[in-house]
Structures are given as C-alpha cells and as structure tokens.
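Me: I have a structure open and I'd like to learn how to read it. Can you take me through it?

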Amino acid sequence: MARRPMMAANWKMNKTVREAEEYTAALLPRAADAEEVDVAVCVPFTCLHEVGRMAENSAVTAGAQNFYYEDSGAFTGEVSAPMLPDVGAGTVIVGHSERREVIVETDEMVSRKTKRALEADILPIVCVGETKGERDAGGMWEKVSGQVRQVVEVLDDGESVVFAYEPIWAIGTGDTATPEDAQDAIGRIRDLLRETKGDDFADSVRILYGGSVKPENAAEIMAQKDIDGALVGGASLEVESFVELIGAAQNATTQTEQ
Ligand code: PGA
C-alpha cells in the first residue's frame, strides 16, 4: 500500500512571529508544488495563531509541539488540545525526546496526550527513540518497542497516528543514523504494529525518521522502504533547506511509482 509521505518541520524554541510570517509566506507556494507530500510546520505557541491563519486552506498544516492532556482548568502555563484547532493547528508533536528528557514526560503522559489529541481531531506525531547509552548496551529495541506499545494500547479501532523514530543521539548532533539503521528500527516498529494492530494498520501507518536530516542525506533516508518522511529540526529553520527536503520526499514517491 502506498503511503503518502510527510515532511514535518519542528522549529523547537525558535522564531518570532515576524520571522514565522516571512517563513510561511515563502513556504506556502513552494509546498503547493509538492502534491504528493503532506507538509507540516510545528511552531512555538506564540507563532501558532499567525501560521495557522496563513496556512488555512493551503498545502501546509500548521502544528504545535506540545499540549497538556486536560481540557481546561488550573494548569498554569499549559495549553489544551481543544485550544489547538482554535488557532489553526491540525497536528501536534507528542513525546519529543527533548520533552521526555528535559521536562521529564513519562510514557503514560505521552499515551494520554496521544489519545486526547485524537479525540480533539488533531493528528499526533508521536516520537520514540533510544539514547546512545541504550543503543550501545543493546537496549534499543527494548526502549523503542516499550514506547510504541504504550501508545498502541490507547488506540481504538479506526484511530491512527504518525510515529517518528528519533534516536536521541542523532538529534541536533549532525550524527545521523545510517539509512540502514533507521530502516532497521522503523521496519521493526512496523512489524510490531502488524503483530499488535494487524495488516491494515501496519501498512497504512506512517513512520518518519528524525535526527539530523538535511538536504545532503534526505534522499538516501527517504529511499528506505519503511521510512515515510522525516521530522526535521535544524534543517527546517531555513525555508530553502526545508523545501529541498520536501522535494526529496516528493522524488522518493516518483521513484517508487516507476
Ligand atoms: P534535528 O532535530 O533535525 O535538528 O536533529 C530533529 C527533531 O528533534 O525533531
């Protein structure tokens, strides 16, 4: 089954509203050219309203990088799932390793957020991945499979998410996983989803790779059979390099069709 690739930008804690406006204005016409690719831009909350407004009815989906799983109430500093579509967000990153490691989000919080995003009609991009120490000790699969299982458990029939396999040692380090290592982990995630959720789910679910994706390595990564796109930090901050990555995803679809 051909899966529609996705190229998702993760700006992290970068850009003012003005910078976000300039970026989005430049990106929209270029993203429209990549008809075979879903393009998402996950921005800081402060930029979301403006990016969401500009991206309305365009080829780009505005996204958030986080939210809290309660809908409203005494949670100072938090933003809830129903608040996201209100400002034009159609997608949200859940369980990014920087949140798991720095803000100490647990697997349980990640699965609650995943469920809540789906209920609020927002597509969750759920991140999983191991540290360098875990990989070196042979514990990559134990970590990643545990994270995936915890998310799968909360999904009802008909519900799906986008997964992003992001080895923590490859994020922001320039130290990308080899295409073979990325394919190996993502192929195993797809096999696990096949075992737990069946063929239809496993064949249609999109699994992205993330960790130092850049124009120079994107084509090789996108050519792997189980990799359906990328979640990109550093190389998404400039429109030009993000557009090149979208192009790499678009080319990968044309090559599979041939
Ligand atoms: P990077 O970040 O592309 O800068 O490595 C990826 C991510 O954290 O999603």
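Me: Which strands does helix α5 lie across, and how does α5 run relative to β5?

Reply: Helices (H or I, at least four residues) and strands (E, at least two) are DSSP runs, numbered from the N terminus. Angles run from 0 to 180 degrees between N-to-C directions, with axes fitted to C-alpha atoms, for helices over the stretch in contact, and contact means heavy atoms within 4.5 Å. Here, α5 (residues 107–119) lies across β4 and β5 (123–128), at about 160° to β5. This is a predicted model: local features need pLDDT of at least 70, side-chain atom pairs 80 or more, while totals for chains, interfaces and linings use all residues. Residues count from 1 along each chain as its sequence is written, and side-chain values use heavy atoms, without hydrogens and water.

Me: How many bridges join β3 to β4?

Reply: Strands pair if DSSP finds at least two bridges between them. Three link β3 (residues 60–64) with β4 (residues 89–94), and the two run parallel. Ala-62 has Ala-89 in β4 as its bridge partner. Zooming out, eight strands, β1-β2-β3-β4-β5-β6-β7-β8, form a closed barrel with parallel pairing. From one strand to the next, the twist averages 25°.

Me: What surrounds the ligand?

Reply: A residue counts as near if one of its heavy atoms lies within 4 Å. For this ligand there are 13, the closest being Lys-12, His-96, Glu-166, Gly-172 and Ser-212.
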